[in-house]
Amino acid sequence: MSISADIIARCQSIYEDLDFGLARAWKAAVPGRKVVGFLPLYVPLEMIHAAGCLPLGIFGGGDRMEVIHGDAYYQSYICRIPRSTIELGVSGRLDVADGMIFPFVCDVIRNLSGMWKIMFPQVWTKFFDTPQNFDPAIGGAYYVEELRELKQGLEQLTGRTITDDDIRHSIGLYNENRRLVRSVYAFRAQAPWKAPASDVYLLMRAGLMMPVEEHNRMLADYLAAIEAEDRPRRDNVRIVIFGSFCEQPPLNLIKSIEMAGCYIVDDDYALVNRFLTEDVAVEGDPLEALSLSYLRHSVETSCKYVPDEAEKGRFHIEAVKAAGAEGVIYATPSFCDPALLDRPMICGRLSEASIPFISFKYAENSGQMQPIREQAGTFADSIKLWS
Amino acid sequence: MSEAVKEPSMLMQKEMIARNYEAITSKHETGRKVSSTFVPGNLNELLMCFDIVNNLPEINAIQGGMRKASGGFIMEAEKSGHSEDVCTYVKADIGQMAKGNIAPNGKPFPAPDVLLLSYTGCYTFMKWFELLRAEYKCPTLMLHVPYEGDGHATKNMRDYIVKQLKEVVIPGLEQVSGVKFDIDRLRGYLRASARAEDNLVWCLEQGKNKPSPIDAYFGGVYYIGPIFTAFRGTEDAVTYYETLRREVQERIDARQGPLTPEGTNFNDQKYRLVVEGPPNWTHFREFWKMFYDEGAVVVASSYTKVGGMYDQGFRHDPDNPLESLADYCLGCYTNRNLPTRVDILAKYIEEYEADGLLINSIKSCNSFSAGQLMLMKEVERRTGKPSAFIETDLVDPRYFSAANVKNRLESYFQMIEQKRQGARSAA
Ligand code: SF4
Ligand code: SF4
């Protein structure tokens, strides 16, 4: 196996391990260590790290877990991620998590945070609301205080004080992580045949389940490996994925899109590790720095308000241009209010910018890939034909 | 179906609503400005300070549902690319716009001058107004109300809201209306709000009587009408709640139940229920009938708290005007976390001596619905009273299955009977 294939094989086994063995081993290695789970999307990982905890990314159960109990908690018209997350909880798989952070994405996750409080009272559970006002003096000031509250919660959980220097140190590590992640994305946009989307996806997902220091080394090794390796180049079209920032598609779906003739050159899969697009300042007040970075340099998703009508969709159009993409696949989880309410607006703007797009819905446990493959294949053909 | 029989308070409300629609649709003649805004976190007193007329798209969607027009609007919106999965209030609104946007008074709705996005307790609000903004291209003022994730409001949340009011909402409304903000005018309106709120709470609490003189769900949607919409802070609302209180008092004195749409007093109350979730609007009377036909009265509900939880002690406070608007927004029912909702519902069951909890789960509404199954189990565990779960939608007639709902209700009432018999034989 090539070096990159080795790395990806390791990532796949971490990603597939729904007992979170890596987190368990990390916790067992030193007495007193704590693991803090988090759901998508705008999570200040630095704070968890600064508390000496392992941030553990929870993205539901995917297509490898049978949901036995979770369905009894949710009506059929609610997306999959909360029910499979509940399944992870009630089946004991998530008992490794001493704390859980539920950041704002939508009302489903918001309410799930309350369910967690009731069902798992021994777990420190925090709903973390991000500002929808982006003025530093208003939303920024609010956010700084929310971070302070988060810090206090983590201090109570761990019994240790988190200093500003602890946070600055974590910011430094995550800045490095984001730089490396951006490099992988930039490399893929340039030579997508060398960095298949499914590989990059696994690399990122596994990264959200391991210590950041380890992920940084892994990313550097992966970059070095793929630069040196060669793979056959196909006549694929270049597309960007939007709408997949929360519940994740099965890995096979990502593979199917590529097999249908589309290179994914940018995406919003599991955005947590790259929602900040620039370095966070390591000088000054670290909470202010995190707050300002969120206000000024966080990616746009349907979970954020866009204050200016003229700006609506611009983020998406610019992402398409920056990645040199020829089209967009707007792929959303079924019943996903945020992505689906946004869809007409975003796709309307793509149309105005003459960017071709298709849209479809998926579930984390979708099994039938044939329709997706056909749709993506037809889309790729039509781009080739008309470009 | 025959025209529903109405009490004086209902007629009064009908007339108030008609006047408000007239004020909205005549804006070009009168020169008044119109805002669109939502029910939870509704800042009616503030809008009044700028002489702005308040139009509420949720209420228009409800009206569309009751007039049986919403089904067509929703299909229209779905045809133009809106997902079948999202809230049908939004689609009813957008579909109605596509079909000429005619107000209940038969005149066209004018474009709003401002969208006041009071973002309280529901994610959908944010995208709903982004969608409307794209259509109307008018100023949009966002008031972000943080969710009470830990079950209480914090100083930081309150400060954040007050700052937005001072620096975003008030200057924005001044600009739209050309009227200077006068905090004493706001205090005056808030004083009137509190008087109306006192009487509303009194009326809602009369559900504790046996027989209950009110129906806190089907009747409740009328009782909350003025205070949840364009009238909180007006003298009209004060008078309305005085009238309502008199009506309720008369029924208590006569040991009578609430009036049904058929014009009879519903006195033979066999089951007392607490209901969680909004009602279905497309089959409202049919739905209500399923309850009183079986002898079930609703003694308390959560839906009557979406526009403010006055029964938990909150009142608008003229001495702290902006802070009290912030507290009001924070405390709306769906802005409270799930454990708090469980506490409230369990408390209602005890205080109103109810037989159990019925959940009407709404397909449209993740804000209410996500987590309701656990909420049901938890309330059941805490109170020892049986619960039941039905599923409908707000304004999409495709999701109202009368036979299913009726079946579920009948088995629920049987369950309550069995429970009672069990308790009797154990005694
Ligand atoms: S998939 Fe969509 S609806 Fe479901 S929890 Fe995530 S953001 Fe919310
Ligand atoms: S999702 Fe629920 S609360 Fe939000 S607008 Fe729709 S019905 Fe109202």
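1. The coordinates are those of a predicted model, and the notes should be read with that in mind. Ligand 2 is surrounded by residues of chain B, namely B:C87, B:Y89, B:C122, B:T124, B:F125, B:W128, B:S364, B:C365 and B:L394. By class, this shell comprises 7 nonpolar and 2 polar residues, with no charged residue among them.

2. The element of chain B that gives the most to the shell around ligand 2 is helix 7 (residues 124-136), with 3 residues. Because domain 1 (8-182) and domain 2 (186-426) of chain B both give residues to this shell, ligand 2 lies between the two domains.

3. As for the domains themselves, the assignment for chain B gives domain 1 as 8-182 and domain 2 as 186-426, and their C-alpha centres lie 23 Å apart. The contact between them takes 60 residues from domain 1 of chain B and 54 residues from domain 2 of chain B.

4. Helix 4 (residues 57-66) and helix 6 (residues 88-98) of chain B pack with their axes 9 Å apart and at an angle of about 80°. Since angles of 65 to 115 degrees count as roughly perpendicular, helix 4 of chain B and helix 6 of chain B are therefore described as roughly perpendicular to each other.

5. In that packing, helix 4 of chain B contributes B:P57, B:E58, B:N60, B:A61 and B:I62, which meet B:Y89, B:A92, B:D93 and B:Q96 of helix 6 of chain B. The residues of this contact divide into 5 nonpolar, 2 polar and 2 charged. B:Y89, listed here on the side of helix 6, is also one of the residues around ligand 2.

6. Turning to chain A, ligand 1 is surrounded by A:C79, A:I81, A:C106, A:V108, A:I109, A:C246, A:E247, A:P333, A:F335, A:C336, A:D337 and A:P338. Helix 5 (107-119) and helix 13 (337-352) of chain A are the elements that give two or more residues to this shell. The shell around ligand 1 has 10 nonpolar and 2 charged residues, and no polar ones.

7. Chain A has 14 helices and 8 strands, and its C-alpha trace spans about 60 × 50 × 45 Å along the principal axes. How does the radius of gyration of chain A stand against that of a compact globule? With 387 residues, such a globule would have a value near 21 Å, so the 20 Å of chain A agrees with it.

Notes: Residues are numbered from 1 along each chain as its sequence is written. Chains are lettered from A and ligands numbered from 1 in the order in which they are written. This is a predicted model: local features need pLDDT of at least 70, side-chain atom pairs count only at pLDDT 80 or more; totals for chains, interfaces and linings use all residues. Side-chain values use heavy atoms; hydrogens and water are left out. A residue is near a molecule or strand if one of its heavy atoms lies within 4 Å of it. Helices (H or I, at least four residues) and strands (E, at least two) are DSSP runs, numbered from the N terminus. Ala, Val, Leu, Ile, Met, Phe, Trp, Tyr, Cys and Pro count as nonpolar, Asp, Glu, Lys and Arg as charged, and the others, Gly among them, as polar. Domain bounds come from an automatic or database domain assignment. Axes are lines fitted to C-alpha atoms, for helices over the stretch in contact, and angles run from 0 to 180 degrees between N-to-C directions. Angles under 35 degrees count as roughly parallel, over 145 as roughly antiparallel, 65 to 115 as roughly perpendicular and the rest as oblique. Contact means heavy atoms within 4.5 Å. The radius of gyration is taken over C-alpha atoms; the globule rule is 2.2 Å times the number of residues to the power 0.38.
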